[in-house]
Amino acid sequence: MLLEKKLIENLLNIGLSRGADFAEVFVEGTDSAMLQSLSGRLEKVNNNKLFGVGIRLAKKFQTVYGYTNSKNPEDLLKLAEDLSKSFNDENLTKRTPLMELEVGKRHGVKIKPSEVTLEQKVSLIKKAYKAASEYDEAIKQVVIYLNDVAQEVLIANSEGRFVTETRVRVRMMISSVAVKEGIMQTGVSGPGSGKGYEYLFDEIDIVEQAREASKMAITMLNAEECPSGVIPVVIHNGFGGVIFHEACGHPLEATSVAKNASVFCGKMGQKVASDIVTAIDDGTIENRWGSANYDDEGYPQQRRVLIEKGILKSYMIDKINGRRMNSEPTGSSRRQSYKFAPTSRMSNTYIDNGESTFEEIIAATEYGLFAKKLGGGSVNPGNGDFNFAVGEGYMIRNGKIAEPVRGASLVGNGGNILYKIDMIANNLDSARGMCGSVSGSIPADVGQPTLRVTDITVGGKRGA
Amino acid sequence: MNIEKLFKTAKDKGIEDIQVYVSNSTNLSIQIFEGEVDKYEIADSSSLIVKGIFKSKMGVYSTEVMDDEMIDEIVDTIIASATIIDSLDDAIIYGGDDHYEKVEGLYNEELTNLDVAKKISTLKEMDKAYHNYDKRVKNVETSYTETTNSFMLQNSKGLKLYNKANASFIVSEVIVNDGSDQRVGFDVKITNDFEDYKIDEMVKETTEEALQSLGAQPLPSKNYEIVFGNIAFATLFSAFQGIFSAMNVQKGLSLLKDKLNQTIGSELINVVDDPLMKKSASSRSFDDEGVATKFKYLIEKGVLKTYLHNLVTAKKDGVKSTGNGFGNGIAAVNMKIEAGETPFEEMIKSVKEGVYITNVQGAHAGANAISGDFSLQAAGFHIVDGKMADPVALITVAGNFIEMLKNVVMVGNETKMTYYGITSPAVKIESMPVSGK
């Protein structure tokens, strides 16, 4: 146990002692390792151990949060005491005795990071390096990161909630740099999972993943500058889902909805997308990158249908914003670590399969851009404007994929892009990402089938 | 943790040299929404980073658990890591410099001691000022954050250095809506002197910019003359600051490779790293490796003068470390693009048809630090015949970082320190492709 139950009860009691109506204790112990290799040589091995306790108190909409990495009961009791002083109300809320919740421990791990030797990790890196570097002689540099995290959490609150779980994730990031005539281009591949090392050792082909990164770099090395203009864009499956994540997922988080700062405010039950769009945020998918048994308020993770056939069905809601919105939490509250108060965040978010095929979509597009791999992007939740980079793109001419293009970025607005999706394929796939927002950087999966947006602003270096 | 005991255990187990970096930080954060305190945070945390050299390689362990019982695990893990590392780089732990400048004003006790009630009331005033400024102001969120960081660096070569700094910042975001369009104004002000917060000025500037951008539309796609505002240029520059790192250069990951002492930009461009800059909480007299920091030109009149070095990259290039070994790698302390001679109004007046860009988005994704290519979402104002015209949004501005530096034709005479840690003037570029409608 990360912290004695008796002490936790005391902290909750003190938390409520001056009129707060809710108290929560979040305890975390996290071990992580990061290996970095450059050109096949192991450059860095960083081990990191986190421990800390976050205490959150609330009364109606007002929250106070404090954290420390002291284990000392006196320090913790003082923190609870200091926080409780923010309230001054004689109406006290009574604490419900702690009841340990078991939703069934899913997302099991076969090979824990602590059971893997440094030698095993290094040999995996060398295997990936060999495949990436030998792909083409223009590959001049390969940077590989191998990262594993085991986060043990304990969450208890004054409403009797008491849960514990250990969340494991592993990821390898391969980045290949191709150079020719003074021009450099990069290609990336980043397989990862909410499983243990069985994922990287046995379930995926790391050689194929490494070659994929180099292939992208070589393709982009030989690409032309992307022309700019407003044109149809076919966004490929997998990481293409970052478009929905950024442009629509963030504005559907209670973090912005509760404060009336989202384009989706007051749109529940209304049409917000074309009829063929169904979008889901599902934190329960077995061992997925963004999955967990519980959210960071101790509620079981859920499957949330956000948009069904174009109609807005659900927001993603945490406890305190839920109070402002008069809504129940949806198991969506997440945080990077005890150093952050939790708030509503996405887990594994994707646009669901449609009825077209990939081939049909390309064939139906006379002229446009095929955005095969997207880079990152950002969105302004206040007005829905978004941007993201195209890492690997091709022109579409006469219904066929034509020459590769580089340097493109897509710019649009989350409020109206969903109406412009006119074809969705049946090849749903997903990819890993790290999502940064108010409660820190958390693992989040994005996904979608290949889909077409009728028109979107494409920015590139080559004029229109 | 007993550091002496750690050093002794390390030595006994065969570690050649060892260094610890012990840091402590306290935080206070207050957020106001609809006139009330919405969130309040207090925090206190410590961490220990241990670096040890074993058989000439460096192992690293960082931990927030600092009991003496951790000592064996730390030392053993460092030895295991160092044993398997096959980097060609030498590991170095530094004995220290003869002289370290003193940085004045890094820690301002008055800020820490100032009553929380005053901090809250200032924010509430600001919230009110925003709401009262214009009836199109729909939504306001303001927050105040204050941090105090202290750390101690100590190593087995006898070096022991200490630093303590505090800083605070007010972030405000305002949403304006005129019934047909909605825009967001955003501002961050950083200081460790509470008197520097001029609430009314901040409210006016942020709200005006948001109001003026109501109704913003994309421009037709073509090449335009471009004037970058301070914040926009600093944002763009921050996406490329890694190219100055000697580590990236040596590993073939920087577009500045083989460019030392060559012209890489217009002669109007001067870029410095000023580690002792006043009013910056990042200012430091020594880096995380214990090397004394110093003022230097990175680009002088368009010529690349130096890369940023830590101990390892400096040894490789046969030069002295520039005192930029921070964290796991290399970073500038206070990067600053020096002011030029052109007043802002004159810069705008000189434009026949162009865009004044007030902010760029997506710099972490739309900029390729290796090729120098970028394509970023931008917003600002159309400039026609030397006059500011309609607001512009949802355009992208694209180019190559080096080509852009060469095409700088005017540099503004006023600089601003931004929350990216980069200080920049406004800059005019001869021509860049803009993509819009």
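**Entry 1: a strand pair across two chains**

I started at A:Thr68 and looked up its bridge partner in β2(B), which is B:Asp44. The strands involved are β3 (residues 62–68) of chain A and β2 (residues 36–54) of chain B; they run parallel and are joined by 6 bridges. For my own reference, two strands pair if DSSP finds at least two bridges between them. Strands (E, at least two residues) and helices (H or I, at least four) are DSSP runs, numbered from the N terminus.

A note on the model: it is predicted, so I kept in mind that local features need pLDDT of at least 70 and side-chain atom pairs count only at pLDDT 80 or more, while totals for chains, interfaces and linings use all residues. Residues are numbered from 1 along each chain as its sequence is written, chains are lettered from A and ligands numbered from 1 in the order in which they are written, and side-chain values use heavy atoms, with hydrogens and water left out.

**Entry 2: chain A against chain B**

How many residues does each chain give to the contact? I found 70 from chain A and 66 from chain B, where contact means heavy atoms within 4.5 Å. The buried area between chain A and chain B is about 5,400 Å², and carbon and sulfur atoms give 50% of it. Buried area here is the accessible area (1.4 Å probe) that two parts lose on being put together, summed over both.

Next I checked the charged pairs. The interface of chain A and chain B has 8 salt bridges, a salt bridge being a side-chain nitrogen of Lys or Arg within 4 Å of a carboxyl oxygen of Asp or Glu. One of them joins B:Asp86 and A:Lys126, at 2.6 Å from N to O. On the side of chain A that touches chain B, strand β2 (residues 41–59) of chain A gives the largest share, 11 residues. That side divides into 26 nonpolar, 30 polar and 14 charged residues. In this sorting, Ala, Val, Leu, Ile, Met, Phe, Trp, Tyr, Cys and Pro count as nonpolar, Asp, Glu, Lys and Arg as charged, and the others, Gly among them, as polar.

**Entry 3: two domains in chain B**

I then turned to the domains of chain B, whose bounds come from an automatic or database domain assignment. Domain 1 covers 109–151 + 162–212, and domain 2 covers 216–437. Their centres, taken over C-alpha atoms, are 26 Å apart. Domain 1 of chain B gives 18 residues to the contact and domain 2 of chain B gives 12. Which residues form the 1 salt bridge between these domains? I found B:Glu205 and B:Lys416, at 3.8 Å from N to O. On the domain 1 side, β6(B) gives the most, with 6 residues.

**Entry 4: a hairpin in chain B**

Strands β17 (residues 408–417) and β18 (residues 422–435) of chain B run antiparallel, with 6 bridges between them. B:Met417 stands opposite B:Thr423 in β18(B). The hairpin has 4 residues between the strands, and B:Gly421 takes a positive phi near 80° there.

**Entry 5: an open sheet in chain A**

Last, I traced an open sheet of 6 strands in chain A, in the order β13-β12-β11-β16-β23-β22, with mixed pairing. Why do β13 (311–312) and β22 (429–437) of chain A each have one side without a neighbour in the sheet? They stand at the edges, each with a single partner strand, so nothing in the sheet flanks that side. Strand β12 (residues 303–308) of chain A pairs with β13(A) in the antiparallel sense over 2 bridges. There, A:Ile307 stands opposite A:Leu312.
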